[in-house]
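Biologist: I'd like to learn how to read a protein model, one feature at a time. Could you walk me through this one?

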Amino acid sequence: MTMHPLRSCFAVLFVVYLLQCKLLFVHCILDPLDFLALQSVRKSLDDMPGSNFFASWDFTSDPCNFAGVYCESDRVIALNLGDPRAGSPGLIGRLDPAIGKLSSLTELSVVPGRIMGSLPQSISQLNDLRFLAISRNFLSGGIPATLGQLRNLKTLDLSYNQLTGDIPRSIGTIPGLSNVILSHNRISGSVPPFLSETLTRLELKHNELSGSISPTSLPPSLQYLSLSWNRLSGPVDLLLIRLDRLNYLDLSMNQFSGCIPGRIFTFPITNLQLQRNSFSGPVQPGGEVTIPTVDLSYNRLSGGVSPMFSTVQNLYLNNNRFIGQVPGSFVDRLMDASIQVLYLQHNYLTGMQINPTVEIPLSSSLCLQYNCMVPPIQTPCPLKAGKQRTRPTAQCNEWRG
């Protein structure tokens, strides 16, 4: 019976490997399949100029001593390709499908560089894989749906590549996922449900995602959620009120609509970014807001400005439809420099009780122009605010009417 050419090739390399060990008195502890897989990985990759990562990859010696290769017993358990030091040149080439032969691998990472081509389907065979991070390269094509077979995966980071297609629903079914980072790609379609009860970080910003998000599609375990710079739409109030462990929320630059639930201002968030959407209606926090930065600008929010926002250090409410007087608590906080940024321009506000001769602290920035009042105090505004100090009377009358 004739041996398959591929098997014949592997057999020859295996014999060479054993001979190398015997002749050079090297203690060969590495499984032959892992040895051959590492050879294939090496042949498909090179150092970029200035990188010497592969200098130690001499296959006449023990591969467990190679840079980036970590072994346990006779198997490779971690493969970190490239010099991890900040600013170091990365690698160039493609990921060889033979990487899927490293069957005991629990960790696979590649430093930023010029890795091109698609993500090998064979990675889905790495049943013990817990950490997969290949960011800031040039991976293209779709995310393999078979990645959902990696039932032990905790972290998936494929950010800053050129990936297209949708996010496979199978990935959302991985039970123990903690971190999913797919930002800065060209991924389209909708956000699939994520069922993991341990998911804490979901980063999908700077993609081409669209459609609405189901109220039950994201788990309450989330602490970091970034969906900015997509084309997502629909209401999110019922979704957000379930995510009470969030400490970072960025939904900016989308087409989300509906109300902003007052309850989210009680969450342990340090940075709340909801700007440039189509949120509407009044915003009524249930108590003093302790979030350091709140950006609700460029929406369709209306009603009065709640005094509960006066405890925010950086508050952006500009380019909305707020009406009425600015609460006096804002003046007090401005004068004691507790507020660093207060942007209220481009609304329909009618007054602010502040002494025109008072000097705003240098550390504070206030902008009131283009409202239904003459700004009681002259302060520098951002260039985007324009040069008009007040909104045309006709617009103000129409809005009151």
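Predicted model: local features only at pLDDT ≥ 70, side-chain atom pairs only at ≥ 80, totals over all residues.

Biologist: Which residues of S4 make up its covered face, and which its uncovered one?

Modeller: S4 spans residues 91–94, with Leu-91 and Gly-93 on the covered face. Ile-92 and Arg-94 make up the uncovered face.

Biologist: Now a helix, please. Which residues of helix H4 are buried?

Modeller: H4 covers residues 328–335, and its buried residues are Phe-330, Val-331 and Leu-334. They take up an arc of only 100° around the axis, so they sit on the same side of H4.

Biologist: What do those buried residues of H4 pack against?

Modeller: Strands, as you can check in the picture. The partners are strand S23 (314–316), strand S24 (321–326), strand S25 (341–343), strand S26 (348–352) and strand S27 (365–367). While you're there, look at Ala-337, which follows H4 and has a positive phi, near 65°.

Biologist: Next up, salt bridges. What's the general idea?

Modeller: Side chains of opposite charge can pair when their charged atoms come close. In this model the count comes to 6 salt bridges. Take Asp-34 and Arg-75, whose side chains meet in one at 3.0 Å, N to O. Asp-34 belongs to helix H2 (residues 32–43) and Arg-75 to strand S3 (residues 75–81), so this pair ties together parts that are 41 residues apart in sequence.

Biologist: Are Asp-34 and Arg-75 buried or exposed?

Modeller: Buried, in both cases. Asp-34 has a relative accessible area of 0%. For Arg-75 the value is 18%, which counts as buried because the cut-off is under 20%.

Biologist: Last topic: disulfides. What is one, and how many does a search of the whole structure find?

Modeller: A disulfide is a covalent bond between the sulfur atoms of two cysteines. The search turns up 3 of them. One joins Cys-64 and Cys-71, with sulfur atoms 2.1 Å apart. That link is left-handed, with -95° about the S-S bond. Cys-64 is buried at 15% relative accessible area, whereas Cys-71 is partly exposed at 25%.

Biologist: Where does Cys-367 lie, and where is Cys-381?

Modeller: First, the bond itself: Cys-367 and Cys-381 form a disulfide with sulfur atoms 2.1 Å apart. Its torsion about the S-S bond is about 110°, so it's right-handed. Cys-367 lies in strand S27 and Cys-381 in the loop between S27 and helix H5 (393–400), so the bond ties together parts 14 residues apart in sequence. Cys-367 is buried, with a relative accessible area of 0%, but Cys-381 counts as partly exposed at 25%.

Biologist: And what about Cys-372 and Cys-396?

Modeller: They form a disulfide too, their sulfur atoms 2.1 Å apart. The torsion about this S-S bond is about -100°, so the disulfide is left-handed. Cys-372 is in the loop between S27 and H5 and Cys-396 in helix H5, so parts 24 residues apart in sequence are tied together. Both Cys-372 and Cys-396 are buried.

Technical notes: Residues numbered from 1 in each chain as written. Heavy atoms only, no water. Salt bridge = Lys/Arg side-chain N within 4 Å of Asp/Glu carboxyl O. Helix = DSSP H or I, 4+ residues; strand = E, 2+ residues; numbered from the N terminus. Buried < 20%, exposed > 50% of the residue type's maximum accessible area, 1.4 Å probe, protein only. Arc of directions from axis to C-beta. Contact = heavy atoms within 4.5 Å. Disulfide = S-S within 2.5 Å.
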